[in-house]
Amino acid sequence: MDVETAPTNTRPRRDPDAELVAFLDGRSVPCPRCAYDLRDIKAARCPECGEPLILKVGTPRIRFGWLVLAMAPGCFSGVAALFVMIPVFVTFWQRLPPGHGAPWPVMVGDAFGFLSAASVVLMYRHRHRIMAWTARRQGAFAAGVWGVHVLMFVLLVGALWLMQ
Ligand SMILES: [Zn+2]
């Protein structure tokens, strides 16, 4: 007698390993690790290199382009902000009077860099929603992110230059 309780879902429980073996029955697919021909294997593991194998749905197109492009300036800004942290920290630590510590565009730039890095985290968390947008909307989003960063860079470098 079957003691397993299957309340509402009457669909038979699937065995991913059995599905993989069934998929490779009479089908030649190279092992993703060692390229061994996995045709007719009897277990969900490469007989050549021992790599465990799974069956999954793929897409022929790589579509991460816009998201990566949108995340790139924030990654750079975040790393830069960490380095700019040093003069900003010294300014606060030594309580340097205005004009002696880090100039205000450096402070603003540092704050912007950390905000930008935080936006990358947000983009990553919502990556599936962003990936569901049309390519056009993703492109516009990436262009907007780059626009804000370029504008900020020009404004801050310009302000620093005018202070000389
Ligand atoms: Zn292998």
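**Note on the predicted model**

1. Val90 counts as exposed, because 12 other C-beta atoms lie within 10 Å of its own, and a residue is exposed at 12 or fewer. Val90 sits in helix H2. Its C-alpha atom is 7.6 Å from that of Gly101. Along the chain, Val90 and Gly101 are 11 residues apart. Keep in mind throughout that this is a predicted model.

2. Domains next. The chain divides into domain 1, residues 1-58, and domain 2, residues 65-163. Their centres, taken over C-alpha atoms, are separated by 45 Å.

3. Gly65 belongs to helix H2, which spans 65-93. Gly65 has 13 C-beta neighbours inside 10 Å, so the residue is partly exposed. Now compare sequence and space. Gly65 and Asp25 are 40 residues apart along the chain, and their C-alpha atoms are separated by 35 Å.

4. Which residues make up the largest nonpolar core? There are six: Trp66, Leu67, Ala70, Met71, Ala142 and Val145. H2 gives the most, with four residues. In soluble globular proteins, nonpolar side chains tend to be buried together.

5. Leaving aside residues up to four places away in sequence, Ala142 touches Trp66, Leu69 and Ala70.

6. H2 against H5. Their axes come within 8 Å and cross at roughly 15°. H2 is therefore roughly parallel to H5, since angles under 35 degrees count that way. The crossing of H2 past H5 is left-handed. On the H2 side, the contact is made by Trp66, Leu67, Leu69, Ala70, Pro73 and Ser77. On the H5 side, the residues are Ala135, Gln138, Gly139, Phe141, Ala142, Val145, Trp146 and His149.

7. H2 against helix H3, residues 104-125. The two axes come within 7 Å, and the crossing angle is roughly 140°. That angle makes H2 oblique to H3, because roughly antiparallel would need an angle over 145 degrees. H2 and H3 also cross in a left-handed way.

8. H3 against H5. How far apart are the axes, and at what angle do the helices pack? The axes are 9 Å apart and the angle is about 165°. H3 is therefore roughly antiparallel to H5. This crossing is left-handed. From H3, the residues that meet H5 are Pro105, Val108, Gly109, Phe112 and Ser116. Their counterparts in H5 are His149, Met152, Leu156, Ala159 and Leu160. His149 is also among the H5 residues in contact with H2.

9. Cys46 takes us to the loop between helix H1 (16-23) and H2.

10. Backbone check: Ala35. Most residues other than glycine have a negative phi. Ala35 is not a glycine, yet its phi is positive, near 70°. Ala35 lies in the loop between H1 and H2. There are 11 C-beta neighbours inside 10 Å, so Ala35 counts as exposed.

11. Backbone check: Asp40. Where does this residue lie? Asp40 is in the loop between H1 and H2. Its phi is also positive, at about 60°, although Asp40 is not a glycine. Asp40 is exposed, because 11 C-beta neighbours fall inside 10 Å.

Note on methods
Residues are numbered from 1 along each chain as its sequence is written. This is a predicted model: local features need pLDDT of at least 70, side-chain atom pairs count only at pLDDT 80 or more; totals for chains, interfaces and linings use all residues. A nonpolar core is a set of buried Ala, Val, Leu, Ile, Met, Phe, Trp, Tyr and Cys residues joined through C-beta atoms within 7 Å. A residue is buried if 20 or more other C-beta atoms lie within 10 Å of its own, exposed if 12 or fewer, and partly exposed in between; C-beta atoms are placed from the backbone. Helices (H or I, at least four residues) and strands (E, at least two) are DSSP runs, numbered from the N terminus. Two residues are in contact if their C-beta atoms, placed from the backbone, lie within 7 Å. Domain bounds come from an automatic or database domain assignment. Axes are lines fitted to C-alpha atoms, for helices over the stretch in contact, and angles run from 0 to 180 degrees between N-to-C directions. Angles under 35 degrees count as roughly parallel, over 145 as roughly antiparallel, 65 to 115 as roughly perpendicular and the rest as oblique. A crossing is left-handed if the near helix is turned anticlockwise from the far one by less than a right angle, and right-handed if clockwise.
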